[in-house]
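Good morning, and thank you for the time.

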Amino acid sequence: PIFTRPGEVVWACDTYDRSVHLTFDDGPREYTEHVLDVLKNYNVKATFFLLGKNVVQRPTTVRRMIDEGHLVGNHGWFHDNYTEFFNRDAAAAKQAIIDTEYAILNASGQRPYLFRPPYGALTKEMKYFLTERNYTIVMWSLGALDQFVLNQTIAIPLYMNTVPDSGAILVVHDWLAESSLRVNELLDVMQTDHFLVPWDRCVERKPYLLQTNSQSDSDMTSTVASSFI
């Protein structure tokens, strides 16, 4: 089910308690399976924003995400700054997003409806295109957790004290060993003072009835799709 409208930009949870939603960017990579093991052990559901180039390398990991109740989102094919990409070659930028969409569909059996722009870079043209393809744009509430994990002088609990009481969308990069291998520590801290919730609890919406259109959902037969997997 889809819980947010196409073109909507989400920066934080809509909850008014201490709920937080955990997201991971740039996977799947070599440490993603470990992250999934930890999430399964803690019974935490997250959203993974995936790069197309990595999806085609690890389709079974993407399938596992879906099978274990996580959401997957589109993060572009490469980790490009899409403001610059759209200004340089809008057609190629659009195709990179579409190609990632099909790669995720082929790997998981599900078409993504969430998009996170790398670096948070977003243009009006890009937002219009993503709306046409029925994407909700998901940002994040605070700086990436990785900077605190990598800086051994700053404790994770200190970072968590900055998380808003009304809820937040947190981001970790699962290609970083230091972050991925300390996810259990992060979850321990979060669960002492916050509620880790899945996406539908984060946005607190009823399922949204998506209106399919000829540009996206009703035409999932890309000429490049068959070459991905």
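This is a predicted model: local features need pLDDT of at least 70, side-chain atom pairs count only at pLDDT 80 or more; totals for chains, interfaces and linings use all residues.

Let me begin with a definition: the helices I name are DSSP runs of H or I with at least four residues, numbered from the N terminus.

Just after helix 3 comes Gly69, with a positive phi of about 90°. What lies over them?

Which strands does strand 3 pair with? One partner is strand 2, residues 19–27, in the parallel sense and over 4 bridges. Here Leu50 of strand 3 is the bridge partner of Gly27. Another partner is strand 4, residues 71–74, which also runs parallel to strand 3 and is joined to it by 4 bridges. In this pairing, Phe48 has Val72 of strand 4 as its bridge partner. Strand 2, helix 1 and strand 3 together make a β-α-β unit, and that unit is right-handed.

Two details of the backbone belong to the loops of this unit. Pro28 is placed in the loop between strand 2 and helix 1. In the loop between helix 1 and strand 3 we find Asn43. Its phi is near 55°, a positive value in a residue other than glycine. Is Asn43 buried or exposed? Asn43 counts as exposed because its relative accessibility is 61%, and the cut-off for exposed is over 50%.

A further residue of this kind is Tyr119, whose phi is near 65°, again positive and again not in a glycine. Tyr119 lies in the loop between strand 5 and helix 5. With a relative accessibility of 57%, Tyr119 counts as exposed.

I turn now to the aromatic rings. How many aromatic pairs does a search of the whole structure find? It finds 6. One of them joins Tyr82 and Phe85, a tilted pair with 5.4 Å centre to centre and 45° between the planes. Tyr82 and Phe85 are separated by about one helical turn, because they are 3 residues apart in helix 4. Tyr82 also pairs with Phe86, and this pair is tilted too, at 6.4 Å centre to centre and 50° between the planes. Tyr82 and Phe86 are 4 residues apart in helix 4, about one turn of the helix. Tyr82 and Phe85 are buried, and Phe86 is buried as well.

Ring pairs link Tyr82, Phe85 and Phe86 with Phe115, Phe129 and Tyr135 into a cluster.

Lys94 is partly exposed, because its relative accessible area is 27%, which falls between the cut-offs of 20% and 50%. Leaving aside neighbours within four places in sequence, Lys94 is in contact with Phe86, Glu125 and Phe129. The C-alpha atoms of Lys94 and Tyr82 are separated by 9.5 Å, the two residues being 12 apart along the chain.

My last topic is the disulfide. The count for the structure comes to 1. Which cysteines form it? They are Cys13 and Cys202, with their sulfur atoms 2.3 Å apart. The torsion about their S-S bond is about -105°, so the disulfide is left-handed. The pair links distant parts of the chain, 189 residues apart: Cys13 is in the loop between strand 1 and strand 2, and Cys202 is in helix 10. Cys13 counts as buried because its relative accessibility is 7%, and Cys202 is buried with a relative accessible area of 0%.

That concludes the presentation. Thank you for your attention.

Notes. Residues are numbered from 1 along each chain as its sequence is written. Side-chain values use heavy atoms; hydrogens and water are left out. Buried means under 20% relative accessible area, exposed over 50%, partly exposed in between (1.4 Å probe, protein chains only). Contact means heavy atoms within 4.5 Å. Two strands pair if DSSP finds at least two bridges between them. A crossover is right-handed if, with the strands pointing away from the viewer, the path from the first strand over the helix to the second runs clockwise. Rings of Phe, Tyr and Trp (its six-membered ring) pair if their centres lie within 6.5 Å; planes under 30 degrees apart count as stacked, over 60 as edge-to-face and the rest as tilted. A disulfide is a pair of cysteine sulfur atoms within 2.5 Å.
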